[in-house]
Amino acid sequence: MKNFDMKRFAQLLQYDVVSNWRNHVSFAIGAFLAHFATQFGVIYIAVKSMHHALPERAGDICEDAANISFVVSFIVFSVAMSLMFANLKTKPKRIAYLMLPATNAEKFLSRLILFTLGAWVVNFVAFVFADLLRMLVLSGMWVSVDSVVPEAFCSMHDFLTEVLQSWSRIYDNGVSQGWYVLFFFSSLLLQFILFMLGSVLFRNRAFLKTATCMFGLGMFMTVLGLSVTINGRNVAVSMSDSWLPAIVLSSIVLEVVLVGFSYRLFKRMPVVSRKLF
């Protein structure tokens with residue numbers, strides 16, 4: 001058997017979509033409800049608090065709702081990554097999936113595409129339909145606020161423009177602003193990869209368990225970064241911004257290693273569930 005066959009991979013991808021359609025629908029409904037509740041709550045509260053100034057502040061309300069929607073999208077995508085291997089929770093499901101006539105690389109890549117590109121498409125569709133339902137519900141309550149979707153696209157355009165222009169800006173320390181942008185994206189990517197790793201490690205409640213581990217690790221690194229004990233004295237640790245390019249490149253290497261480690265764990269996944277996790 002070839003390590004990767006495009007026709008076999010396409011069939012596996014189709015199988016992943018069809019055989020787990022209930023889980024995909026549940027995820028889509030959850031994303032829709034999260035976007036709708038957030039948009040409705042933010043806009044309704046804003047409209048009630050500034051009813052007399054609504055015509056002048058309508059643009060600001062839509063902008064605030066769009067920014068909150070980006071936060072919701074981040075959470076939705078994190079949940080999606082933690083559900084990447086949720087189809088392997090039980091022994092029968094693991095046997096059924098691991099015994100499919102496809103290579104481990106094809107199975108891993110199929111799940112990765114479903115819960116990255118697929119999750120992005122589902123999140124966007126959920127966001128649009130939530131915006132439409134929110135306008136319909138608020139119009140029935142005699143509250144009229146325009147769609148948030150155009151404002152979200154404008155915010156994305158402005159952000160991408162700033163990203164492209166960031167490399168031409170040099171701070172006093174000699175470091176380009178582009179490295180700070182790369183550090184931001186690298187940090188986001190690292191969080192998503194950690195949720196993917198948590199999906200391989202934890203059979204149940206992978207999102208909560210991974211988030212708890214990340215919070216604990218973050219607190220530990222924060223304390224460690226703020227001070228170290230040398231001869232009984234606390235010394236503040238400050239790292240020069242000139243190290244930022246090295247930090248970003250190290251993060252990228254770490255992310256590649258974690259993806260490889262996740263794949264290795266997937267290949268060696270036992271049929272009998274680990275009692276520890």
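This is a predicted model: local features need pLDDT of at least 70, side-chain atom pairs count only at pLDDT 80 or more; totals for chains, interfaces and linings use all residues.
A search of the whole structure finds 3 salt bridges. In one of them, arginine 8 is paired with glutamate 106, and the closest N and O atoms of the two are 2.8 Å apart. Because arginine 8 belongs to helix α1 (residues 6-19) and glutamate 106 to helix α5 (residues 104-114), this pair ties together parts that are 98 residues apart in sequence. Arginine 8 has a relative accessibility of 17% and therefore counts as buried, the limit for that class being under 20%; glutamate 106, at 0%, is buried as well. Another salt bridge joins aspartate 16 to arginine 111, with 3.4 Å between the closest N and O atoms. This pair, too, links distant parts of the chain, since aspartate 16 lies in helix α1 and arginine 111 in helix α5, 95 residues apart, and both residues are buried. A salt bridge is also formed by the side chains of aspartate 131 and arginine 134, at 2.5 Å from N to O. These two residues are 3 residues apart in helix α6, so that about one helical turn separates them, and both are buried.

Leaving aside neighbours within four places in sequence, methionine 269 is in contact with Leu88, Arg94, Leu98, Val200 and Arg203. Methionine 269 and leucine 88 are 181 residues apart in sequence, yet their C-alpha atoms are 9.5 Å apart in space.

The largest pocket holds about 860 Å³ of space. Its lining consists of 24 residues, of which Phe70, Ser73, Trp120, Asn123 and Met156 lie nearest the centre. Two or more lining residues are given by each of α3, α6, α7 (149-166) and α8 (177-201), and α7 gives the most, with 7 residues.

Leucine 132 lies in helix α6 and, at 45% relative accessibility, counts as partly exposed.

How values were computed. Residues are numbered from 1 along each chain as its sequence is written. Side-chain values use heavy atoms; hydrogens and water are left out. Helices (H or I, at least four residues) and strands (E, at least two) are DSSP runs, numbered from the N terminus. Buried means under 20% relative accessible area, exposed over 50%, partly exposed in between (1.4 Å probe, protein chains only). On a 1 Å grid over the protein atoms alone, a cavity is a set of points where a 1.4 Å probe fits but cannot get out, and a pocket is an open set with protein on both sides within 12 Å along at least five of seven lines; lining residues have an atom within 4 Å of a point. Grid points are joined across faces, edges and corners, and a volume is the space filled by probe spheres set on the points. Contact means heavy atoms within 4.5 Å. A salt bridge is a side-chain nitrogen of Lys or Arg within 4 Å of a carboxyl oxygen of Asp or Glu.
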